[in-house]
6 protein chains.
Amino acid sequence: MWTYNRNLQYPINIKNTNPKLAKIIISQYGGPDGELAASLRYLSQRFGMPDKKSKAILNDIGTEELAHLEMVGTLVHQLTDGASVEEIERAGLSPYYTDHGVGVYPQSAGGTPWNAATIAVKGDPVADLTENLAAEQKARATYEKLIDLCRDDRDVVDILKYLRQREVVHFQRFGEALNGVQEKLAQKKWYMDSIKNN
Amino acid sequence: MWTYNRNLQYPINIKNTNPKLAKIIISQYGGPDGELAASLRYLSQRFGMPDKKSKAILNDIGTEELAHLEMVGTLVHQLTDGASVEEIERAGLSPYYTDHGVGVYPQSAGGTPWNAATIAVKGDPVADLTENLAAEQKARATYEKLIDLCRDDRDVVDILKYLRQREVVHFQRFGEALNGVQEKLAQKKWYMDSIKNN
Amino acid sequence: MWTYNRNLQYPINIKNTNPKLAKIIISQYGGPDGELAASLRYLSQRFGMPDKKSKAILNDIGTEELAHLEMVGTLVHQLTDGASVEEIERAGLSPYYTDHGVGVYPQSAGGTPWNAATIAVKGDPVADLTENLAAEQKARATYEKLIDLCRDDRDVVDILKYLRQREVVHFQRFGEALNGVQEKLAQKKWYMDSIKNN
Amino acid sequence: MWTYNRNLQYPINIKNTNPKLAKIIISQYGGPDGELAASLRYLSQRFGMPDKKSKAILNDIGTEELAHLEMVGTLVHQLTDGASVEEIERAGLSPYYTDHGVGVYPQSAGGTPWNAATIAVKGDPVADLTENLAAEQKARATYEKLIDLCRDDRDVVDILKYLRQREVVHFQRFGEALNGVQEKLAQKKWYMDSIKNN
Amino acid sequence: MWTYNRNLQYPINIKNTNPKLAKIIISQYGGPDGELAASLRYLSQRFGMPDKKSKAILNDIGTEELAHLEMVGTLVHQLTDGASVEEIERAGLSPYYTDHGVGVYPQSAGGTPWNAATIAVKGDPVADLTENLAAEQKARATYEKLIDLCRDDRDVVDILKYLRQREVVHFQRFGEALNGVQEKLAQKKWYMDSIKNN
Amino acid sequence: MWTYNRNLQYPINIKNTNPKLAKIIISQYGGPDGELAASLRYLSQRFGMPDKKSKAILNDIGTEELAHLEMVGTLVHQLTDGASVEEIERAGLSPYYTDHGVGVYPQSAGGTPWNAATIAVKGDPVADLTENLAAEQKARATYEKLIDLCRDDRDVVDILKYLRQREVVHFQRFGEALNGVQEKLAQKKWYMDSIKNN
């Protein structure tokens with residue numbers, strides 16, 4: 001079970017309203033490779049893992065991604081909070097404003113609501129962990145594009161770089177989890193069995 | 001930020017494997033009115049609330065729904081874990097098994113991956129809180145249908161009744177939050193202003 | 001059955017072409033909280049209502065929303081009809097024009113085709129009517145955002161204000177329907193029964 | 001504008017509850033080629049037609065399809081109304097019941113909520129009317145499959161055959177509309193112009 | 001089975017980077033009426049055709065559309081390859097760049113990932129071939145809109161006109177296939193049979 | 001450009017009609033990890049690869065997956081061709097039959113039309129190739145589930161095992177491509193650059 005601890009929050013203080021940046025950063029909230037996708041993917045895959053270690057890694061990283069989801073939401077909120085309608089319009093945010101005001105809605109930069117079709121839970125530990133390696137690379141790539149596009153706002157870039165760095169760390173940890181699972185499966189000849197009988 | 005506390009987990013011990021029940025209960029994991037929808041809806045709406053009290057209620061309930069998401073996932077997992085392929089087939093779970101094995105994937109009972117189009121974040125406190133009143137009623141109704149369908153498994157029904165009861169409590173709390181917000185808006189004439197100027 | 005009566009049409013005469021406004025107003029045609037969503041939601045829920053009065057209210061409002069769907073479509077059409085390609089481009093309507101020309105297509109301002117996942121029909125009168133209270137609040141909020149964004153075109157704002165006002169009226173009527181249904185259910189102890197037996 | 005006339009309703013009186021048939025007939029309510037798709041497609045295309053005659057045909061047929069939508073909804077309702085939970089289960093309707101009870105929800109037989117991606121509005125009269133010829137053929141084919149599957153219930157088959165027959169009539173009328181539009185375009189060299197200038 | 005022949009490629013050499021055009025042309029890669037939709041529609045329908053001739057036509061045109069898919073992808077690639085971040089921003093391509101860099105992703109101009117709901121396979125030769133007549137008209141209309149919007153780049157327009165012209169040819173061929181199938185069905189009274197028995 | 005060579009077809013001769021197996025195998029045609037997803041993913045990513053070798057690998061495997069798409073379609077077709085309506089019903093294929101007859105439509109076993117949200121094209125060679133490693137693992141896992149479920153039909157299992165084996169080979173080749181790309185990027189310090197400048 002999760003408990004919310006206000007004291008553990010990463011401090012986010014964006015000095016300047018900038019809806020134009022919010023418009024693209026929202027993709028790491030509810031886009032195809034964002035933090036919602038990551039968190040839900042890992043927390044869902046947990047149930048099917050064959051050992052405690054991989055379950056724990058998925059639980060840890062899934063929980064951390066929940067915190068990152070909140071960080072990205074806070075970024076989007078601070079970049080739009082108090083913006084005038086004219087600023088919204090100039091930033092090309094009118095379509096978003098029509099349906100969500102300056103709320104934080106889980107959609108991609110391109111405007112598509114988040115869809116669980118973007119994640120996989122295969123009930124196969126090797127496939128699931130390889131999916132996660134890919135997820136981390138895709139999240140890293142997205143943060144790099146965002147860093148390109150937000151280059152003029154140092155406050156924002158610093159947070160994006162922190163979040164990007166965490167994806168690289170997660171990638172390493174999923175690599176270790178995959179090694180552990182493959183060793184375990186090798187001992188038990190677990191996943192090959194379903195094939196052998198045919 | 002969230003931290004995961006294993007000691008706070010609601011104890012779930014389903015004695016009998018029953019994939020047929022898992023097939024429908026999955027809807028409260030990733031269906032249109034399930035716990036993922038609830039949790040993400042409330043945690044996303046938080047950012048736009050006009051006062052601390054409503055922010056806190058959304059944060060509390062959103063966090064509790066995360067725990068319920070885990071409970072429903074555990075239910076689905078325990079009802080399918082160790083099921084034979086023949087049991088899967090008899091339960092009509094072959095299509096699900098094809099793409100997800102006995103993993104826990106966020107989809108509706110009808111087989112549609114979860115879609116954020118099922119939730120609203122309007123950046124309007126009155127609209128958002130009324131959305132939540134509806135969400136709680138819809139979740140209640142879904143649990144009642146599930147209680148109908150799972151009637152022969154007492155272990156499962158007990159958990160579903162607990163979860164249903166919590167939705168009723170949340171409905172009350174959102175009603176209070178809505179009252180609070182409406183009073184606040186009345187003082188500030190906040191949401192009418194955008195209209196008045198036109 | 002419906003019959004179409006040309007004489008009952010609300011007069012819409014927008015003097016100035018303005019594709020930029022069409023781009024966002026389309027959301028009340030085919031966006032998540034638009035008139036299509038409203039109309040189809042109410043007309044679909046009708047079948048499951050427990051009394052004639054609530055059926056009649058849903059039929060009336062659902063039919064009125066069909067008329068509003070036509071009004072919003074007419075708005076979009078008049079705002080784009082005869083626009084030159086250059087005007088289309090300047091208004092940021094090129095993506096829409098690529099796939100729909102200056103036709104009226106049911107999509108959100110953000111570009112997502114309408115999806116029935118945005119509405120609920122639960123076969124539970126209390127849940128369905130609460131869903132409708134939320135729907136009306138969400139539609140009201142959307143019209144308010146549009147009024148903000150269309151502030152410079154008085155013809156358009158007048159129609160949006162009229163449509164907004166109707167949502168407030170519908171909200172009241174759904175509140176009355178909900179009261180009626182709850183009284184009826186209290187007499188019959190109808191919706192609690194399914195729970196009691198478990 | 002539409003008005004609802006109760007006296008014009010097609011009489012539907014299905015004698016036997018049969019949720020198994022409801023499960024598939026729902027596709028003509030909210031499936032890819034159902035009555036919602038048809039009605040919304042024609043009523044949306046209306047705005048862009050170049051002459052009064054084709055506008056009128058689209059308005060007429062779109063309005064008739066609204067009536068058919070109601071007929072199909074009534075069919076689904078009568079086939080499920082009063083069904084016991086056991087009947088629901090035996091008919092394979094448990095997933096639908098979980099999320100919609102025995103309400104009428106716009107989805108395909110396969111369980112996918114209706115999506116406007118299934119229809120096209122191109123803002124090009126020739127393309128739109130050819131789209132409609134295809135729509136009528138697809139609706140006819142769907143009714144034929146349903147007639148195959150519902151063969152044992154004469155009440156249901158009679159209505160399906162009536163609805164199928166109407167699609168054939170609509171096909172003819174759209175053929176005439178297309179001829180009329182092509183003649184008009186030939187006079188004005190209308191749709192070729194946009195190409196000529198390049 | 002397909003083999004790839006590099007020598008058969010249509011030469012595409014776009015001289016000027018222009019991400020603004022890429023943003024809309026992508027719709028013929030992965031939009032509702034684009035080349036992916038066409039190719040997959042025809043290659044999927046093949047299996048159910050009643051004679052060799054119609055199977056061959058579907059296979060030929062489906063294969064040609066695969067080549068056109070590649071041409072459109074090449075267009076998008078050449079129009080964005082080497083573009084600076086500033087050019088991306090000025091072209092309004094930031095949202096796309098966030099999630100896809102300057103890669104070629106199957107989505108509509110409006111930003112929606114391609115969805116098979118945009119195509120039909122009815123297992124009914126007459127319905128399927130009429131669907132294809134509509135598909136070709138819709139593709140033609142889309143190319144005409146793109147020709148309008150890309151009018152200042154002669155290299156691009158030339159390719160779009162070639163691709164448009166092919167859709168007109170395909171339309172003719174599907175018309176012939178439909179005639180052939182209808183004759184065959186008339187002899188065998190094939191599709192009416194399923195109705196007759198009821 | 002592709003050419004179709006009938007002589008290169010893998011021979012598929014399924015002796016027994018079995019719609020029940022078709023119902024699940026369709027997922028490798030149009031499900032989240034099926035051959036359409038694979039083929040389109042690789043052929044789309046091609047454009048953005050930094051060297052000829054990785055472009056060629058993507059082109060080769062993407063083309064081979066097109067052939068596999070055809071094989072899976074043929075499997076589905078042979079398993080349903082000539083089935084009676086009663087067989088369709090007993091196999092639980094009535095919903096599919098309603099909308100697609102016994103045609104081959106790109107959907108998952110669970111009934112969801114294929115959606116490009118299931119694939120990623122990031123315009124980042126490392127992310128794209130890691131995505132492909134995951135895609136191959138997910139396809140392998142799906143074939144293994146299908147082999148479990150189709151265990152009683154030797155003809156079908158033999159083809160599924162062949163297709164599964166090819167995914168393992170592709171996984172190896174994408175591993176090599178990733179190594180090649182990483183070496184190339186290390187020389188050029190290519191993908192780190194975008195970060196360094198910030």
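## Salt bridges across the model

A salt bridge here is a side-chain nitrogen of Lys or Arg within 4 Å of a carboxyl oxygen of Asp or Glu. This is a predicted model, where local features need pLDDT of at least 70, side-chain atom pairs count only at pLDDT 80 or more, and totals for chains, interfaces and linings use all residues. Residues are numbered from 1 along each chain as its sequence is written, chains are lettered from A in the order in which they are written, and side-chain values use heavy atoms, with hydrogens and water left out.

Over all chains, the count comes to 72 salt bridges. There's also a network of them linking Asp33(A), Lys138(A), Arg41(F), Lys122(F) and Glu131(F).

Start with Glu131(B) and Lys138(C), whose closest N and O atoms sit 2.7 Å apart in a salt bridge. Glu131(B) belongs to helix 7 (residues 125-149) of chain B and Lys138(C) to helix 7 (residues 125-149) of chain C, so this pair joins two chains. Helices here are DSSP runs (H or I, at least four residues), numbered from the N terminus. Both Glu131(B) and Lys138(C) are buried, meaning under 20% relative accessible area (1.4 Å probe, protein chains only).

Next up, Glu144(C) pairs with Arg140(C) at 3.0 Å between the closest N and O atoms. The two are 4 residues apart in helix 7 of chain C, which puts about one helical turn between them. Glu144(C) and Arg140(C) are both buried.

Then there's Asp33(E) with Lys122(D), a salt bridge at 2.6 Å, N to O. Asp33(E) is in the loop between helix 2 (27-30) and helix 3 (35-45) of chain E, and Lys122(D) is in the loop between helix 6 (94-100) and helix 7 (125-149) of chain D, so here too the pair joins two chains. Asp33(E) and Lys122(D) are buried as well.

## Where chain C meets chain E

Chain C puts 13 residues into this contact and chain E puts in 14 residues, with contact taken as heavy atoms within 4.5 Å. Together the chains bury about 1100 Å², 55% of it on carbon and sulfur atoms; buried area is the accessible area (1.4 Å probe) that two parts lose on being put together, summed over both.

Between chain C and chain E the count is 2 salt bridges. One of these is Arg151(E) with Glu86(C), at 3.4 Å, N to O. On the chain C side, the elements giving two or more residues are helix 5 (85-90) and helix 6 (94-100). Helix 6 of chain C supplies the largest share, 5 residues.

Terms used:
Buried < 20%, exposed > 50% of the residue type's maximum accessible area, 1.4 Å probe, protein only.
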